[in-house]
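Dear colleague,

I am passing on the structure below, together with some notes on its strands, its charged side chains and their surroundings. Please read the notes with the coordinates open beside you.

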Amino acid sequence: MKKKVLSMAFAAIMAASALTACGSGSSASATTAAAASETKAAETSAETSKAAETSAAGEITADVQKIIDRGVLKVGCKSDIPNFSLQNTATGEYEGFEDDLAYTIAGEIFGCSMEEAKEKKLVEFQGVTAKTRGPLLENGEIDLVIATFTITDERKETYNFSTPYYTDAVGLLVNKDSGIASIEDLDGKIIGVAQSSTTKDGFEAYIAEKGIDIKPEFQEFDGYPALAQALATKQIDCFSVDRAILSGYVNDSNMLLEDRFAEQDYGVASAKENTGLAELVEKKVTSMLDDGSMKELQDQWNLQ
């Protein structure tokens, strides 16, 4: 009888131990799961913190956070300027100095390098013209315009502009067989310019300053390829825009005149209300100018 009682007591003790062991296992699993969850949350928080710092306190502003949450920076760029920004017809990709600048800024927002931003496709490009880039920025369809956008006092009233990342001057492209050798030969000629560009104003200011007595006619076109085609078919006598843009359209049948006027400062533009984004862009552009990486990027794309 005594042995039977002892056996029953031993069985009870073993059962209790088994229950305790199961309880400890469940508790350990829960603890492990909680720790993993906390680790993941910490990693996510760290990635978000790394993504962007746009104020003096290092806080992410609402306009930048919106881009982070979306997962892509939307940039308006040109699709028809060799070396600056050209859409590759075979791949659909945008390639050029300004496109790489967009990837660099995206890297600043998402906490990675330009190369990683490009690999991860963190920039969504939208082709713009001189006529469409402003409205697309104003209505919020794009976050930034990086599209040979000349900084003017009038435009600064509507948009935020960064410090100039490139300075150019307006030039004149003519056919070699046109007999036009200088700006003085453009009296009565047709000069083709891009819609909504500042070229005409710059031209007229220059000839007034220099006392050049000529009266050409100006004709607007929607895009640079159309202007280049118009020059090639002699619908116009001269194609005028910034020299860096014209350099991409020089061929054996045409030539750039030596005349240059109306220096153009290009800036990264953002909507007026997006002050946090504008501050982030300004810091990145100025740091690239200071450390020489902006010049290196220009040299990679053979910009003079």
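In strand β6 (residues 144–145), Val145 is the bridge partner of Gly76, and this β6 is joined to strand β1 (residues 73–77) by two bridges, the two strands running parallel. Strands here are DSSP runs of E with at least two residues, helices are runs of H or I with at least four residues, and both are numbered from the N terminus; two strands are taken to pair if DSSP finds at least two bridges between them. The model is a predicted one, in which local features need pLDDT of at least 70 and side-chain atom pairs count only at pLDDT 80 or more, whereas totals for chains, interfaces and linings use all residues. Residues are numbered from 1 along each chain as its sequence is written, and side-chain values use heavy atoms, with hydrogens and water left out.

Strand β1 also runs parallel to strand β5 (residues 123–127), to which five bridges join it, and within β5 it is Gly127 that stands opposite Cys77. Four of the five residues of β1 are buried, where buried means under 20% relative accessible area, exposed means over 50%, and partly exposed lies in between (1.4 Å probe, protein chains only).

Strand β13 (residues 261–266) pairs with β8 in the antiparallel sense over five bridges, and here Glu263 is the bridge partner of Ala169. Antiparallel pairing also links β8 to strand β11 (residues 238–242) over four bridges, and to strand β12 (residues 254–256) over three bridges. Leu173 takes part in both of these pairings, standing opposite Phe239 in β11 and opposite Leu256 in β12.

Turning to the charged side chains, the count comes to eight salt bridges, a salt bridge being a side-chain nitrogen of Lys or Arg within 4 Å of a carboxyl oxygen of Asp or Glu. One of them is formed by Lys118 and Asp100, whose closest N and O atoms are 2.9 Å apart; this pair links distant parts of the chain, with Lys118 in helix α4 (residues 114–119) and Asp100 in helix α3 (residues 97–110), 18 residues apart. Asp100 is buried, with a relative accessible area of 4%, while Lys118 counts as partly exposed at 35% relative accessibility.

Glu108 forms a salt bridge with Lys284, with 3.5 Å between the closest N and O atoms; since Glu108 lies in helix α3 and Lys284 in helix α10 (residues 275–291), the pair ties together parts that are 176 residues apart in sequence. Glu108 counts as partly exposed, at 35% relative accessibility.

In a further salt bridge, the side chains of Asp177 and Lys234 meet at 2.9 Å, N to O. Asp177 is in the loop between β8 and β9 (190–194) and Lys234 in the loop between α8 (224–232) and β11, so that the pair links distant parts of the chain, 57 residues apart; both residues are exposed.Finally, Glu154, Glu157, Asp201 and Glu204 gather in a surface patch of negative charge (patches take residues with over 30% relative accessible area and no salt bridge, joining like charges within 9 Å and nonpolar side chains within 5 Å). Among them, Glu204 has its place in helix α7 (residues 199–210) and is partly exposed, with a relative accessible area of 36%.

With best regards

Notes
Areas by Shrake-Rupley, 256 points an atom, 1.4 Å probe, with all protein chains shown as cover. Lys, Arg positive; Asp, Glu negative; His and termini not counted. Charge placed at Lys NZ, Arg CZ, Asp CG, Glu CD.
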